[in-house]
Amino acid sequence: MSSPLPSSFDGDTEFYEENRWQKLTRRIREEPLIPIGVALTCAALYGATKSIRAGDHNRTQRMFRARILAQGFTIVAMLAGSMYWQSDREKRKVFEGLLEEKKAKEKQEAWIRELEARDEEERQLREAMKRRRAR
């Protein structure tokens with residue numbers, strides 16, 4: 001019996017080069033300042049929440065100012081990282097495009113091989129039917 005038909009909708013993981021965790025770690029390695037800025041922003045918000053509950057208005061204002069500075073740092077880090085890594089991202093997109101083309105070509109070739117195998121099976125079956133009728 002022949003193998004099942006290849007599908008463009010199969011969820012086979014061999015067709016995916018990078019999972020979400022790998023992408024996250026790669027992006028953190030590429031732009032380490034962004035997670036630092038996010039952590040600083042969260043720390044400032046947590047400090048502001050604690051100072052609001054304690055009733056310390058002076059510290060609350062300092063924490064909210066620190067939050068604004070941390071958010072500004074994060075935005076600057078995002079813009080700088082975006083400009084710095086732009087050429088690498090373009091190269092990666094080209095590479096991924098070539099990889100997708102290669103995979104599509106492999107799938108098409110597998111599909112053609114499967115069709116040829118099925119045609120051969122059908123031809124053999126017809127010949128066997130002709131021989132039976134000729135007897």
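The paragraphs below lead through this structure, from the overall fold to single residues.

The model is a predicted one, in which local features need pLDDT of at least 70 and side-chain atom pairs count only at pLDDT 80 or more, while totals for chains, interfaces and linings use all residues. Residues are numbered from 1 along each chain as its sequence is written, and side-chain values use heavy atoms, with hydrogens and water left out.

The protein has three helices and zero strands. Helices here are DSSP runs of H or I with at least four residues, strands are runs of E with at least two, and both are numbered from the N terminus. Along the sequence the pattern reads α-α-α. Helix 1 covers residues 20-30, helix 2 covers residues 33-54, and helix 3 covers 57-134.

Some totals describe the protein as a whole. The protein has 135 residues, and 15% of them count as buried. A residue is called buried under 20% relative accessible area, exposed over 50%, and partly exposed in between, with a 1.4 Å probe and protein chains only. The accessible surface comes to about 11500 Å², and 59% of that surface belongs to carbon and sulfur atoms. Such areas come from the Shrake-Rupley method with a 1.4 Å probe, and for residues only the protein chains shown count as cover. Contacts (heavy atoms within 4.5 Å) can also be sorted by distance along the sequence. Among contacts between residues at least 6 apart in sequence, 71% join residues at least 24 apart.

The expected span is 1.5 Å times one less than the number of residues. Which residues of helix 2 are buried? They are Gly37, Thr41, Ala44, Gly47, Ala48 and Ser51. These residues lie on the same side of helix 2 because they cover an arc of only 130° around the axis. The arc is that of the directions from the helix axis to the C-beta atoms. The buried residues of helix 2 pack against helix 3. On the other side of helix 2, Tyr46, Arg53 and Ala54 are exposed. After helix 2 comes glycine 55, whose phi is positive, near 85°.

Alanine 77 is found in helix 3 and counts as buried, at 9% relative accessibility. Leaving aside residues up to four places away in sequence, alanine 77 touches Glu31, Leu33 and Ile34. Alanine 77 and glutamate 31 are 46 residues apart along the chain, yet their C-alpha atoms are separated by 7.8 Å.

The next topic is charged side chains. Side chains of opposite charge can pair when their charged atoms come close. The structure holds six salt bridges, each being a side-chain nitrogen of Lys or Arg within 4 Å of a carboxyl oxygen of Asp or Glu. One of them joins glutamate 30 to arginine 26, with the closest N and O atoms 3.0 Å apart. Glutamate 30 and arginine 26 are four residues apart in helix 1, so about one helical turn separates them. Glutamate 30 is buried at 16% relative accessibility, and arginine 26 is buried with a relative accessible area of 15%.

Arginine 123 and glutamate 120 meet in a salt bridge of 2.2 Å, N to O. Both lie in helix 3, three residues apart, about one turn of the helix. Glutamate 127 also forms a salt bridge with arginine 123, at 2.5 Å, N to O. Glutamate 127 and arginine 123 are four residues apart in helix 3, so they too are separated by about one helical turn.

The structure holds one aromatic pair. Tyrosine 84 and tryptophan 85 form this pair, which is edge-to-face, with 5.1 Å from centre to centre and 85° between the planes. Rings of Phe, Tyr and Trp (its six-membered ring) pair if their centres lie within 6.5 Å; planes under 30 degrees apart count as stacked, over 60 as edge-to-face and the rest as tilted. Tyrosine 84 is exposed, with a relative accessible area of 61%, whereas tryptophan 85 is buried, with 19%.
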